[in-house]
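Welcome! Let's learn to read a few features of a protein model together, one question at a time.

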Amino acid sequence: MLRLFASVAAFLWLAGTTFAGPLYEAASRGDAEEVRVLIASGIIVDERTLNAETPLIAASLAGSAETVSVLLEAGADVMARNRSGFMPLHAAAYGGHAEVAHLLLESGADIDANNNRAGKTPIYMAADENHLDVVKLLLERGADVANVDNSGFTVLVRAMFRYHYDIVGLLKQYGAKCPDPGAFDPQFHDLCVAAGQ
């Protein structure tokens with residue numbers, strides 16, 4: 001029955017009646033078994049939506065480590081970018097999925113990729129969403145804490161703006177520096193210095 005559904009879904013995608021292909025849809029649900037069936041049926045593993053999202057990006061955002069593994073084993077592009085320039089590792093970091101982030105890094109994902117509309121690295125995405133475990137993983141793997149996004153902020157400054165003091169403290173342990181006292185309100189500097197102590 002699953003194979004019949006996959007065949008019908010593939011036909012509808014080829015006929016242009018859906019905005020996202022069946023593989024993308026299955027990946028976004030984290031349905032590893034359906035993803036296996038669809039890949040076996042010959043569907044292109046890096047099929048794209050109108051926003052240039054790939055199934056690997058969808059599975060990474062959904063946090064399905066099994067589905068991500070299936071896609072990677074089938075040759076999915078770990079460096080694929082959507083129209084905004086975000087990659088699977090950005091999606092995993094944004095969603096707070098440390099296991100998926102680990103799989104992507106093991107498959108060659110660029111830990112400091114920032115060639116996107118916002119200039120944000122994966123660690124920036126994780127810190128912004130307060131995903132301490134992902135931030136810790138990325139730091140342990142050597143993520144750059146000094147990168148500046150398109151707004152001119154480091155990941156530490158952004159974490160401060162979002163009141164994520166545990167992350168600020170962790171970033172400081174890995175060499176991130178509090179901004180100069182004159183850069184923001186002096187209280188901002190004092191809070192940054194106190195974070196994690």
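Q: How many salt bridges does the structure hold?
A: Side chains of opposite charge can pair when their charged atoms come close. A salt bridge here is a side-chain nitrogen of Lys or Arg within 4 Å of a carboxyl oxygen of Asp or Glu. The structure holds eight of them. This is a predicted model, in which local features need pLDDT of at least 70 and side-chain atom pairs count only at pLDDT 80 or more, while totals for chains, interfaces and linings use all residues. Residues are numbered from 1 along each chain as its sequence is written, and side-chain values use heavy atoms, with hydrogens and water left out.

Q: Which residue forms a salt bridge with Lys-120?
A: The partner is Asp-149, with the closest N and O atoms 3.1 Å apart. Lys-120 sits in the loop between α7 and α8 (122-128) and Asp-149 in the loop between α9 and α10, so the bridge ties together parts that are 29 residues apart in sequence. Helices are DSSP runs (H or I, at least four residues), numbered from the N terminus.

Q: Are Lys-120 and Asp-149 buried or exposed?
A: Buried means under 20% relative accessible area, exposed over 50%, and partly exposed in between (1.4 Å probe, protein chains only). Both Lys-120 and Asp-149 are buried.

Q: Which residues form salt bridges with Asp-128?
A: Arg-158 is one, its closest N and O atoms with Asp-128 being 2.7 Å apart. That pair links helix α10, which holds Arg-158, to helix α8, which holds Asp-128, 30 residues apart. Arg-162 is another, at 3.2 Å between the closest N and O atoms. Here Asp-128 in helix α8 is joined to the loop between α10 and α11 (165-173), 34 residues apart. Asp-128 is buried at 12% relative accessibility, whereas Arg-158 is partly exposed at 25% and Arg-162 is partly exposed at 34%. Elsewhere, Glu-33, Arg-36 and Glu-66 are linked in a salt-bridge network.

Q: How do I read aromatic pairs, and how many does the structure hold?
A: Rings of Phe, Tyr and Trp (its six-membered ring) pair if their centres lie within 6.5 Å; planes under 30 degrees apart count as stacked, over 60 as edge-to-face and the rest as tilted. The structure holds three such pairs. In one, the rings of Phe-153 and Phe-161 have centres 5.1 Å apart and planes at 80°, so this pair is edge-to-face. In another, Phe-161 and Phe-188 have ring centres 5.3 Å apart and planes at 50°, so this pair is tilted. Phe-153, Phe-161 and Phe-188 form one aromatic cluster.

Q: Which residues of helix α7 are buried, and where do they lie?
A: In α7 (residues 98-106), the buried residues are Val-100, Ala-101, Leu-104 and Leu-105. Down the helix axis they fall within an arc of 135° (taken from the directions from the axis to the C-beta atoms), so they line one face of α7. The face turned away from that buried side carries the exposed residues Glu-99 and Glu-106. Just after α7, Gly-108 takes a positive phi of about 100°.

Note on methods. Helices (H or I, at least four residues) and strands (E, at least two) are DSSP runs, numbered from the N terminus.
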